Amino acid sequence: MANHTIDNAFTARSKTGAAFEPTYSGALSFMRRKYTKDVKGADAVVWGIPFDAAVTNRPGARFGPQAIRRASAILDNDPQYPFSRDLFEHLAVVDYGDCLLDSGNHQKTPGTIEREAAKILKSGAFLLTLGGDHFVTWPLLKAHAAIHGPLALVQFDAHQDTWPDDGKRIDHGSFVGRAVKEGIIDPDRSIQIGIRTHAPDTFGIKILHGHEIEEMRASDIAYAIVDRTGGKKTYLTFDIDCLDPAYAPGTGTPVAGGPSSAKILSTLRQLNQIDIVGADVVEVAPAYDHADITAIAGSMVAMQYLGLLAERKARLEELNNGNHNGAAVIQGQGIQS
């Protein structure tokens, strides 16, 4: 049943249930979820990391979490498309707020993020993070790998992020190579989608270039991702510059020639066969946006993650209730159907 109150982010009494308030007013948590640091009983936790000191071009992604939350206000009042259900009827989701970082001491940033992420993950909840520039994915990967071991990485991006790294750099363009070298991700089970720039090393990660996915159907892209990850615990990171600047101009390092938001959202919708244990959306920089189209795309990507998680929980409940018709095998903490 919907919560018929204003400012549901503060007034909600439950971690479940849709909010029903005007899209143009009220407290702007992600999809009007309850703001709380109490993650007990939460299936998923939404967390913002307002950091952009690692960028190599235009700054501004520190405002990404705010922009994505604001854009998400339009998503909660109705059953979420294309899932045809109120995602929050049974899925308990909270907005944990933002990570507090020392803006004058960036060397402390990765440790701060990793420790707070580990604290959230200890509860057993799925962590959905809103960036921030793409460097924030590095400590998030470490926190998830500490639980699950080396991860498959599914990376939607215009850039490979595998530039040389000495292990100490605060750089959004080198964390993937570092993650391979330190055994955080398994390159043989990892894939990058939408790449349309060069880097000196692929580290053995499979690449679907921008011009390749232009000729592919969404179902073919999804199949390639499922095939590559091979049932391994998977972290999904979405750099909004994967999308063509026509669909996501509000980002720090835009690259022409990318896919449409429609194709990529359709691809995400078909990833219910991989075991996603964590996810993020990064590099939304609202200062360069127009009519919030980048923030809207980012909020839709984040909502897709929650939709997959809601379907996973529904199928698990079917199994527990003895209804095996169409039910799928659920494995571990994450999304798999």
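Predicted model: local features only at pLDDT ≥ 70, side-chain atom pairs only at ≥ 80, totals over all residues.

Biologist: How do you know what counts as a helix or a strand?

Modeller: Both are DSSP runs, numbered from the N terminus: helices are H or I with at least four residues, strands are E with at least two.

Biologist: Why is strand β8 called largely enclosed?

Modeller: Buried means under 20% relative accessible area, exposed means over 50%, and partly exposed lies in between (1.4 Å probe, protein chains only). Six of the six residues of β8 (residues 234–239) are buried, so the strand is largely enclosed by the rest of the structure. Thr234, Leu236 and Phe238 point one way, while Tyr235, Thr237 and Asp239 point the other. In a regular strand, side chains alternate between the two faces of the sheet.

Biologist: How do you know which strands pair with β8?

Modeller: Two strands pair if DSSP finds at least two bridges between them. Strand β5 (residues 152–156) and β8 have five, in the parallel sense. Ala152 stands opposite Thr234. On to β9 (residues 276–282): β8 pairs with β9 over six bridges, also parallel. There, Phe238 faces Val281.

Biologist: What makes the crossover from β8 to β9 right-handed?

Modeller: The chain passes from β8 through helix α8 (residues 261–269) to β9, and this β-α-β crossover is right-handed. By that we mean a clockwise path from the first strand over the helix to the second, with the strands pointing away from the viewer.

Biologist: What makes β4 another enclosed strand?

Modeller: Six of the six residues of β4 are buried, so β4 is largely enclosed by the rest of the structure. Its parallel partners include β2, over six bridges, and β9, over four bridges. Trp47 stands opposite Thr129 in β4, and the bridge partner of Leu130 in β9 is Val281.

Biologist: What makes a set of residues a nonpolar core?

Modeller: The members are buried Ala, Val, Leu, Ile, Met, Phe, Trp, Tyr and Cys residues, joined through side-chain atoms within 4.5 Å. The largest such core has 53 residues, and Phe156, Phe238 and Leu268 touch the most other members. Helix α9 (residues 293–320) gives the most to this core, with 11 residues. A second, separate core has 37 residues, including Trp138 and Leu151.

Biologist: Why is Met31 called buried?

Modeller: Its relative accessibility is 0%, so Met31 counts as buried. Met31 lies in the loop between α1 (8–11) and β1 (34–35). Its phi is near 50 degrees, a positive value in a residue other than glycine. Most residues other than glycine have a negative phi, and most peptide bonds are trans.

Biologist: Is Phe203 buried or partly exposed, and what makes it so?

Modeller: Phe203 has a relative accessible area of 22%, so it is partly exposed. Its phi is also positive, about 55 degrees, although it is not a glycine.

Biologist: Which peptide bonds are cis?

Modeller: One is Tyr81 to Pro82, with omega near 5 degrees. Another is Gly131 to Gly132, with omega near 15 degrees. Pro82 sits in the loop between α2 and β3 (93–98); Gly132 sits in the loop between β4 (126–131) and α4 (137–148).

Methods. Residues numbered from 1 in each chain as written. Heavy atoms only, no water.
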